[in-house]
Structure formats: structure tokens, C-alpha cells
Amino acid sequence: MKFLLLAALVPGLYWDQGTDTAAELKRSGITRLYVPAANAAAWRSAGFEAVPFTPGAPRCEAAEAPRVELRMDVASATNAPWIDANGWRFERKAGDKWCYRTPAGAAALAAAEAYAYGVDGVIQPAPTDLGDFARMVAFLRRIDRPPMEAMANIGVVDDGSDSSGEVLNLLARRNLLFRVVRSPDPKYEVNVEPREVEDPHEFAAEVRRKLGDERRWVRLYGSQVVIARLTGDGRRARLHVLNYSHRQVLGLRVRVRGSWRLAALEVFGKEKAAAADVVERDGGTEFTVAEMGPYAVADLER
Amino acid sequence: MDRRSFLGMAAAARSALAATGDNLPKYRVVTSYKPVPGQGMPGPYRGQVASVMAPRVIEEASEKVDAAVLREAVARGMCALTGDRDPRDSWARFFSATDVVGIKVNASGAPGICSTRELVAEVARNLGAVGVRPENIFCFERFRNQLDTVRYEEVLPKGATVEAAEDDRGRNDRYDPDVFVEVDFFGEDDTRSNMQRVVTRRATKIVNLPNMKDHGASGVTGCLKNIAYGGFSNVARSHSGVKTNTYSFIGTLAAVEPLRSRTVLGIMDGIRGVWHAGPFSLSRKFRFYPKQLLFGTDPVAMDRLLLDIIDGKRKAENAMSVWNRNMANIKPGKGYDDNPNIDRFIREPGHIEFAAHLGLGEYELSRIREQKADV
């Protein structure tokens, strides 16, 4: 049962290369992969668990390649970098399978993103990214534990429109944690129905003002390219931290509302990671992630 | 260490608000450091500025600095400020062998304008003369790429270092997570500006070496802005739009402990200056040569004199005043870089008076005593 749970959570690899790359995959520790139907038999013969798959299939939603994008030609209400992230899409269409086709350098982040949001992700990396992807999958397997419910401050009644989608994007971008709900839910501090929103930036800003920063579950300081997701069960919480740039983030300061003990900090690519400057201040628990690449995860306990 | 917020700052800000009538952002200051009575800004020489004119300190065409003239100017300035005969006695009033001294240079306009290398060398030499060990002297600034164009390490004694908070722009690990000002100016998500760790955890004293410069957002940039925006992270957010928050942010940051108490001496570098398009100096046509150094412990008084120096030069060049707030002259974009009658922002030279209301010094000229000397 646990194997099945892990298989559902840890992203899979879509690999359209021939079996002449089998040794490379084995060296990377990959034994299970999605392949074009025509290649499945050959891959099975090579000793792999090969699942026939078509990336463009209707039952696989297309995820964007996660990244920070320089878009100087697009007007913006802030000077914050433009981030292509999929978390808001995952919230909108929970339960779907998501297909990523990633350019060089983005596969590890894509895998981490899919894992952090608990979606069934299939990643088609650039061939040069195979090692990064495999290392991320190994990391995810090592840190994996049963999923918990997403923690959020905001309930969003989503009408499925583009403008509503942009509101979801901006809320996620600003680390204003939300869940998509069918109708306003009193368990969230703020419920909103972004119908026909003319200015999504202002709408998101107004949501933030209504909530108040002091009530936000998560605040991040020291970077504009990091997005967080928090899950928990009241006694324990897990904070997923995704860095959408290709550069290391140094000195990311994290604040989680409430009093917590930081049980563990795991940083992809770091054998030993320790949170620095842990402190409780003004109703929140703060710590610093000294250095991180695409992904880090912090486990918190009451 | 027991951390707590100082709410006194908020009270002081309210007082300043009452004095100015402006709406202020809501600042939250977090620090556990306490003031050192009588030390720092405005320090023992409140309302007092020593001004040294040194016409031979720089040859304008080549911009070659005469180190001997500069040495004499520094000696005269320190003695004029303190009343001592021997400049060594003057330096010893501020620094001792047990100190770790940070020299806050300004490299934001480098290489066109920055804290003059020869002045930095002279400050370090005087620190050494009163017993500060070279390994306890360091220059600091926020951005490595700016410092790299100046190479202060070449003029410092062996063992002294040059420290940048951000080798790569945006790194946050050399700022102190426990000392910050939190404020939301325009809905930005990162609402904290943290003090540099070299200020909180290394320096026992700081010498502030600003330039004499125009600044498109704050009107001018002198002692207050150099130590404030140069001492904290995430400050450019205050001037992301035409209407900036430099008016209240500069003084608010400068007043945070331990920066306030550890900044014990200011030497304003007017060997070169910039009268328009600052803080940068991309075009030499806006550079000028006041050939003047100001010495003091009161950053407000020094910056008050700077206001008249910059505005006087602008007037002489038929440029609009730093006090101009006519929106017809404000055109975001490139025009500002070339035309001294165009601004990018609504300038806020009132930030200096605001800082006075926070207790950082004397703003009224009638309360400022300027001791003049010539070299």
C-alpha cells in the first residue's frame, strides 16, 4: 500500500529516448518510466517498469515549465519578477494528472513542484536533465511521508474564468495560502468570489488587506522568487519551499504563524541542512534557510 | 538574547508626523539593542559641523587627488570639530585600540563618484594611529559589484578587509534576521528591511563617509541616506514609484539601534560631488568639485548644509531646485539622466528635517554652528 502511495506522489519520468539510454537511466537510479507505447516492450525487455503513455493525452493537463521569466514588455503593478508556477492550477484542478515538458535546467524544480502540491506529475525533461531529475526523485522518496491537508487562510470560490485564474495565480505568487472551495467556508479567515475582476492585482492586494499579514500562515522574506505551500494536521505541519529561479537563494527568512518546534529541515542538494536563527516572535515561528536550490522542506511540530 | 520591539520609535515617528502633517507609513522596528548614551547620532557635537575648504585637494581635469593636502584637511577638520590641537587626540575621542571599526563607504555611484580612496586610506591611517588594529578595520557597502570598481583593499592597511552584504544582488544571508524595520509601502510582499550583520555583530564603531550628491528620490544623499540605505536590505522599494517614501524611511532606518549608537563620526566627502542625476554619476557633466570636507557627529546638521551646497550648485547651473515639486517637471524615464530640469520622482529633501524630529540632530540653520577652515 505504501509503495502505491509513493508511486502516486513522486513524479514519474516520461522518456521518449531509445533503450540505448538504458544504462544512463540505471546509473541515475531510475527503474520506472512512462514511454511511448511503441517503445514499451523494448523497455520492459531492458528490465524497466515501462508504462505506455502519451503526453498530449486528454487526461493529462499541461503544466507550464516552472521558472522566473523576465517580461519587460508586460506592465505590472509591482517590480517583482514574473514567475511561471503551477500551484494555483493544481489547486483549481485537484486530482488530475499533470504533464510537464521542461527545458534544460527545470526538471528538478518541476518534480519538486508536483510533489509539493501532491499531484500526479509526469515530467519530460531535457535529456541533459536526467541526472538532476533522478536526484530530485531520490530526494523526494527519502523525505516522503503521508500527505496532510493543505493549510490556508483564504477560501476562493472559483468560477473557472481567466480573471479568476489570474487571481489564484497572484494569491499563490504572493504566498497568500488559499483553497478553492465550492462555497464560502467558515474555516477560512477570508472567503472571496473573484467574478469578473477588472484588476486582479488590486483584488489580490485587497484580499491581503482583509486577511492582514499577521494572520497569514506563511511569510517569506529575502527573496521574491520563492513560493511556499503548507500542509498540516493541527499537530504537525510540513512547509514546502520552491525556488523558481536558477540561482541559489541565500538567507531565506521564513515565518510560520503559531508556535512550532522545527523538527527537521531538508534541502535538496545538501547532505546536512540546519535552520538558523530560530525564534518565536509576535505569534509566529521564524527560521532561516541558509542556502537552497530548487526545493526545501521544513517539518514542524507543536 | 531577549528580543523586543522598540515602540518608542513609533512614538517619535508620530511626533514627526504631527510636526509635518504628512501621512506616514506604519513602521515596526524590531531590535534588542539599546542606545549607548551620548554615543552615535547626534553624538557629542550636536548642531556642530567643521567645514574644511581644500582648493588644492583635487586636480579637476585628471581628478588626481593630492594625498598630502587631503591629510592636512582631515587633520584640520577633526581638530576644528573637537577643539583639540593634535588630531590624534581628536581621533582618540572616538576610537580606541579595543574597537572594531567599520568604514561605511559610498560606492553606489562608482566609479564616477564614490568615497575617495585616499580619504578611506587616511581614515584607516588615523584609526591605526590611535591603536585600532588593521584586522579590526573594514570598509563596508551593500553591493560587491560596486566595491569591485573601486578596490578599497588596495589602500587599506594589510589585514583590513572590504565587506559587501550582497556579492550577488538579492542574497539575504548577510543581514541580521533579528534587527529589522517592517513596513508595507505599496503592497510588496517582502516588507522587511534588515540591518547588515557587520553592523550588528562585528563593528563596535562606524565612520560614515558619504559623498556630496544629488539624489532623484530623496533630494540629496548625505550622511543619513548613506548610513540608512547602506546599512539595510530591501530599501529600493521605498522609491519604486513617483511618490516615494524616502521622506520618512531614511530617518527611521538611521535611528535603529545599534546603527545609531555605533555611527560615531561622519566625514562628508566633497572632494567631488554630483549636482544632478545622482546617486549615480554616469555623465561627467553633472559632476562638480566642491573641494570641501564636512566633519561631525550630527548627520542632520551636516546634511542640512549639504542641501544648500547641492541646491546652490543647481541654481548656479540654472537647474530647478531640489525642493521643486511641480509635477510638470516629473517624467519617469530616461530624460532625468540628461536634463537637470526633469525629475523621476517627487524629491523629498524634507527627509532631513524629518530625521531631526526623530532626534537625530539639528535641522535649523540657526542651531547649527559651522566651524570653517581652509587648507
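**Helix H5 of chain A**

I took a residue as buried if 20 or more other C-beta atoms lie within 10 Å of its own, as exposed if 12 or fewer do, and as partly exposed in between, with C-beta atoms placed from the backbone. The buried residues include A:Leu109, A:Glu113 and A:Tyr115. A:Gly118 follows H5(A) and has a positive phi, near 70°.

**Conventions**

I noted that residues are numbered from 1 along each chain as its sequence is written, and that chains are lettered from A and ligands numbered from 1 in the order in which they are written. For the predicted model, local features need pLDDT of at least 70 and side-chain atom pairs count only at pLDDT 80 or more, while totals for chains, interfaces and linings use all residues.

**Domains of chain A**

I found chain A divided into domain 1 (2–143), domain 2 (152–215) and domain 3 (218–301); the bounds come from an automatic or database domain assignment. The C-alpha centres of domain 1 and domain 3 of chain A lie 24 Å apart. Here 18 residues of domain 1 of chain A are in contact with 14 residues of domain 3 of chain A (C-beta atoms, placed from the backbone, within 7 Å). On the domain 1 side, strand S5 (67–69), helix H5 (107–116) and helix H6 (130–143) of chain A give two or more residues. H5(A) supplies the largest share, five residues. I sorted the residues of this side into 14 nonpolar, two polar and two charged. Ala, Val, Leu, Ile, Met, Phe, Trp, Tyr, Cys and Pro count as nonpolar, Asp, Glu, Lys and Arg as charged, and the others, Gly among them, as polar.

**Chain A against chain B**

I looked up the contact, which takes 19 residues from chain A and 14 residues from chain B. Strands S16 (249–257), S18 (276–281) and S19 (284–292) of chain A each supply at least two residues of the chain A side. The largest share, four residues, comes from S16(A). By class, the chain A side has six nonpolar, eight polar and five charged residues.

**A sheet in chain B**

I found an open sheet of three strands with the order S1-S8-S9 and antiparallel pairing in chain B (two strands pair if DSSP finds at least two bridges between them). S1(B) and S8(B) pair over three bridges, and B:Val30 stands opposite B:Phe180 in S8(B).

Methods:
Two residues are in contact if their C-beta atoms, placed from the backbone, lie within 7 Å.
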